[in-house]
Amino acid sequence: ASFCRVFKISYLNFERFPASCVQHRLVVRDASTLQILHLYTCTDQIQYIEWSSDSQFILCAMYKRGLVQVWSLEQPDWHCRIDEGSAGLVASCWSPDGRHILNTTEFHLRITVWSLCTKSVSYIKYPKACQQGVAFTKDGRYMAVAERRDCKDFISIFVCRNWQLLRHFDTETQDLFGIEWAPNGCVLAAWDTCLEYKVLLYSLDGRLLSSYRAYEWPLGIKSIAWSPSSQFLAIGSFDEKVRILNHVTWKKITELEHPAVITNKKTIVYKEVEKSPTLGTERLSFPPTRALASSLFSTQSKYDICQVPVSLNYIKPVADKANPKVGVGMLAFSADNCFLATKNDNIPNAVWIWDMRKLKLAVVLEQLYSIQCFQWDPCQPRLAVCTGSSRVYLWSPAGCVVVKVPGEGDFQIVSLSWHSSGDSMLLLSKDHFCVCYLEREEVK
Amino acid sequence: MGDWRTVTVPLLSSDSKNIFPYTSERKSPASMSSEVLRLSLPSAKSMHSFFSAFCTEENIEQSISYIDRELTTMGFPSIYVESKGKELDLVSMVNCMNELLVLQHKNLRAQEEIEIQHLKLGSDMDHLQNCYTKLKVQKLQNVISSRATQYNHDMKRKEREYNKLKERLHQLVMNKKDKKLAMEVLNYVGRADGKRGAWRTDKTEARNEEEMYKVLLSDYEQRQKQLLLENTELKKVLQQMKKDIISLLPPQKQKPKERSEDGPVLSDQEEDIGELNKENMWELSCETVREQLTNSIRKQWRMLKNHVEKLDNQVSRGHSGALNEKDVISREDHELETGKLELEIQQCKEMIRTQQQLLQQQLTCDDDTTLLLQDCYLLEERERLQEEWRLFREQKRNFEKERKSFTEAAIRLGLERKAFEEDRGAWLKHQFLSMTADCKSENSTTPSAFLRSADTDLRLVRSASQQKRPPSVLSTTASPEPCQISQYITQNSVASEKPAADYLPNLWVGSDGKEETEECTKTWEDSGLDTLCRNLHMEQLP
């Protein structure tokens with residue numbers, strides 16, 4: 001893996017081209033060379049940028065001003081500016097066809113659909129203010145919007161082509177928390193607030209296919225993920241378990257537990273251990289040179305395989321705080337459906353990798369610091385993990401490796417994002433980013 | 001007396017040389033009795049040594065006095081004859097011992113009861129604790145649910161308020177109507193797919209629906225295809241497995257006792273194979289086919305499992321017995337042999353059974369036939385007899401008829417003879433007369449003479465017969481007279497009945513009324529003939 005220079009950013013979107021913005025300037029770079037291709041200036045500080053689906057346009061949202069500005073990659077002179085005015089702006093996103101922008105106004109009063117093709121504007125009333133209120137199908141045909149009227153939750157399904165309402169139905173939820181389409185675009189999962197464990201599965205035509213509830217009183221769902229084949233729905237909950245539903249019967253096929261002690265002999269446990277820095281025999285000079293200082297203070301680490309049984313670092317949750325750091329808060333399926341990566345928030349330093357073919361725990365990665373983010377390679381079963389240190393950790397069935405971001409100072413990776421080709425990875429710290437290029441193994 | 005602490009008795013060993021330290025400290029008798037309970041009863045073996053260890057040949061006196069002291073302290077009477085003497089009062093000692101035994105029994109029973117009670121109390125406690133925790137949980141749940149409902153209610157209220165605010169705000173925002181254009185575009189962009197935007201009409205709505213359903217249908221179809229593929233794959237695998245299992249199982253080397261289970265199964269196997277192979281062609285997935293396949297696989301699998309287990313046992317036996325290769329093989333052979341022998345035995349038994357059956361059948365068959373035959377014979381004879389009887393009767397009838405005709409003929413003959421005799425007599429008379437009269441008329445007709453001679457004969461006979469006996473006068477007419485004649489002749493021939501009777505064949509056995517008359521007529525006929533002959537003879541004489 002090779003790295004590029006570190007650049008200062010305030011926000012970044014990396015799907016096709018790394019576009020970064022600094023304050024009110026939008027910088028578009030080339031993916032492989034990271035040379036600046038375009039430079040745009042926006043009116044105000046940009047909070048959010050998003051590429052359109054065909055990578056022709058990029059929108060920059062400025063929430064404070066309630067403005068959205070759209071830039072074209074092909075025609076740098078082309079510009080578009082959408083002003084929500086006093087309605088305010090809390091969220092903005094592209095429609096799947098790349099020609100409409102959906103703005104969510106303040107207080108979630110409405111969602112305005114602006115068309116770049118025509119002058120028409122559509123309004124969606126009573127959108128729900130929840131974590132995942134708007135969901136597009138993978139093929140971009142349909143959009144599901146969570147709504148709330150008169151203290152009751154509803155879901156509306158729109159046809160993206162002409163923004164016509166297809167279905168509108170109520171859900172049996174107390175307080176709808178999120179909706180997500182299955183990758184096949186035929187099933188919509190809707191789940192309730194964490195006070196109620198409830199998952200509802202709706203068909204595209206609005207029929208309730210199934211309802212699943214694991215238990216009644218304790219805190220419920222924390223995270224949900226569909227498998228890429230739409231075969232499984234993984235539900236991570238506050239009771240430190242992941243329940244997997246199958247798409248045929250919508251019944252639970254297994255429960256994945258996250259105990260603090262690993263006893264299964266088949267599980268491989270990788271533990272990150274620090275290597276003590278090797279000091280050269282040369283005498284330490286004063287004041288110490290920069291290189292020396294960095295080498296002294298930057299720690300090396302590597303993975304060690306631990307013998308089962310292994311006891312993991314368990315944090316007892318504080319009972320009287322809201323949104324406790326308990327339960328499975330992160331879930332992700334690998335692109336080939338073979339693995340599921342989870343994080344149990346009261347064992348914050350560990351990543352659990354489950355083998356979906358055997359429904360057994362395959363690997364546990366125990367890091368030195370708590371996990372910030374992990375993401376699967378979009379092409380192969382490779383997981384990238386970051387813990388807030390200057391190292392990125394990669395796991396694949398072949399093994400795992402620690403990759404240190406070279407450079408001066410500490411680059412604390414808080415987030416990462418894969419390029420859609422799987423060749424490079426974006427690493428983000430608080431105000432910098434860097435790109436990590438991965439060498440492709442030659443297949444002989 | 002003071003307090004006495006009981007002797008602590010440690011676990012005794014069989015070593016008789018142990019000398020146990022006795023610490024007899026003072027303690028109240030009440031507590032002593034409770035502490036007695038805690039003494040662990042020594043085992044039988046150690047008892048002996050315990051007893052021998054306490055009192056030996058040397059310290060008899062001391063031990064006795066010690067015992068006496070202890071007993072008196074416990075409230076038992078002294079075992080000495082007098083309070084100070086050295087003579088032992090056996091009676092009182094025995095009594096004390098008995099008392100001690102009774103006490104021991106009582107204490108043991110009490111202990112048992114206490115233990116039982118203790119257990120009961122323990123279980124009751126557990127139960128109560130469980131109930132208590134359950135109740136607690138329920139109570140907490142009730143509390144939570146009540147709080148939750150209250151919370152929901154409050155939340156709803158707040159939400160309604162919030163919605164009102166939002167509405168108000170929205171109205172204000174909308175009313176404000178920003179003068180500047182909300183959207184500023186340099187030029188409108190073409191659609192991604194290059195097509196023009198369409199108006200919203202009913203048609204488009206219908207098309208949307210249609211498309212939606214198409215999407216759903218295609219998804220379902222795809223899934224179904226996948227499931228079908230999976231099913232066929234699995235079925236193939238199961239078939240293959242089944243074949244493999246069947247091939248693995250030893251087909252012939254099966255013990256006769258297992259034959260009962262495997263026999264029908266084998267035939268089932270063949271059946272199943274045949275059936276399922278056929279079914280495969282159709283790739284049906286109906287309930288029965290599925291069940292058949294899974295059932296047959298299960299059966300086969302069980303058989304294979306049993307077989308493998310048997311093999312394992314054999315191997316383990318071989319290992320544990322430390323037998324060498326030869327023995328193992330010979331055992332197998334032995335088992336084969338025993339199998340064969342058992343087979344043979346069974347076959348022989350079957351043969352014997354069948355033979356027995358056949359034999360029995362035969363025996364029962366002979367008796368029957370003989371009886372039948374006997375019956376047949378009897379019947380035959382009977383029939384023959386009946387036939388003969390019939391014949392006899394027929395003959396008899398014929399004879400009767402003949403006899404009748406004979407008698408009639410005889411009567412006629414008799415009559416004719418009479419007539420002739422009479423004629424002859426008459427003729428002779430006439431002759432005589434004529435002779436005397438010097439035969440003047442010689443032309444007296446000879447033919448009539450004959451007739452007349454018959455008449456005369458008859459008269460002659462009559463007269464002749466009259467001479468013999470005083471008979472009834474017979475008339476000249478033949479026809480009304482035959483019975484009279486017969487009477488006459490019978491009278492005459494009474495004497496000659498017997499020889500006349502002998503004349504006839506002796507076929508007559510029975511006697512009827514008819515027969516009597518017939519007999520009479522017969523005898524008459526006979527005698528009649530005879531007398532007639534004699535009479536004729538007599539007549540001819542002169």
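A:Ser55 lies in the loop between β7 and β8 of chain A, where helices (H or I, at least four residues) and strands (E, at least two) are DSSP runs numbered from the N terminus. The model is predicted: local features need pLDDT of at least 70, side-chain atom pairs count only at pLDDT 80 or more, and totals for chains, interfaces and linings use all residues, while side-chain values use heavy atoms, with hydrogens and water left out. Residues are numbered from 1 along each chain as its sequence is written, and chains are lettered from A and ligands numbered from 1 in the order in which they are written.

**Chain A overall**

- Chain A contains 1 helix and 41 strands.
- Of its 444 residues, 55% count as buried, a term that means under 20% relative accessible area, with exposed over 50% and partly exposed in between (1.4 Å probe, protein chains only).
- Contacts are heavy atoms within 4.5 Å; among those in chain A between residues at least 6 apart in sequence, 43% join residues at least 24 apart.
- The mean pLDDT of chain A is 84, and 88% of its residues reach 70 or more; pLDDT is the predictor's confidence in each residue, from 0 to 100.
- Residues 1-10 of chain A have pLDDT below 50, and beyond near neighbours in sequence this stretch has 43 contacts in the model.

**Backbone geometry in loops**

- A:Ser55 has a phi near 60°, a positive value in a residue other than glycine.
- A:Ser55 counts as buried because its relative accessible area is 8%.
- A:Glu240, in the loop between β24 and β25 (241-246) of chain A, also has a positive phi, of about 65°, although it is not a glycine.
- With a relative accessible area of 17%, A:Glu240 is buried.
- The peptide bond from A:Val308 to A:Pro309 is cis, with omega near 0°.
- A:Pro309 sits in the loop between β29 (300-306) and β30 (310-311) of chain A.

- A:Ser20 belongs to strand β4 (residues 19-22) of chain A, and its relative accessibility of 1% is why it counts as buried.
- The C-alpha atoms of A:Ser20 and A:His432 are separated by 9.9 Å, with the two residues 412 apart along the chain.
- In strand β5 (residues 25-29) of chain A, 4 of the 5 residues are buried.
- β5(A) runs antiparallel to strand β6 (residues 36-41) of chain A and is joined to it by 5 bridges; two strands pair if DSSP finds at least two bridges between them.
- A:Val28 stands opposite A:His38 in β6(A).
- The hairpin of β5(A) and β6(A) has 6 residues between the strands, and A:Leu34 takes a positive phi near 60° there.

- An open sheet of 5 strands has the order β7(A)-β8(A)-β9(A)-β10(A)-β1(B), with antiparallel pairing.
- β7 (48-51) of chain A and β1 (183-185) of chain B each have a single partner strand, so they stand at the edges and one side of each is left without a neighbour in the sheet.
- Neighbouring strands of this sheet are turned by 15° against each other on average, direction ignored; axes are lines fitted to C-alpha atoms, for helices over the stretch in contact, and angles run from 0 to 180 degrees between N-to-C directions.
- Strand β8 (residues 57-62) of chain A pairs with strand β9 (residues 67-72) of chain A in the antiparallel sense over 6 bridges.
- A:Ile58 has A:Trp71 as its bridge partner in β9(A).

**Four-stranded sheet in chain A**

- A second open sheet, of 4 strands, has the order β23-β24-β25-β26 (chain A) with antiparallel pairing.
- Its edges are β23 (221-226) and β26 (252-257) of chain A, each with a single partner strand, so one side of each is left without a neighbour in the sheet.
- The twist averages 20° from one strand to the next.
- β23(A) and strand β24 (residues 232-237) of chain A run antiparallel and are joined by 5 bridges.
- The bridge partner of A:Ile224 in β24(A) is A:Ile235.

**Helix packing in chain B**

- Helix α5 (residues 202-248) and helix α7 (residues 287-320) of chain B pack at an angle of about 35°, with their axes 9 Å apart.
- Their contact is made by residues including B:Leu238, B:Ile245 and B:Ile246 of α5(B) and B:Leu293, B:Ile297 and B:Trp301 of α7(B).
- By class, the contact has 9 nonpolar, 3 polar and 2 charged residues; Ala, Val, Leu, Ile, Met, Phe, Trp, Tyr, Cys and Pro count as nonpolar, Asp, Glu, Lys and Arg as charged, and the others, Gly among them, as polar.
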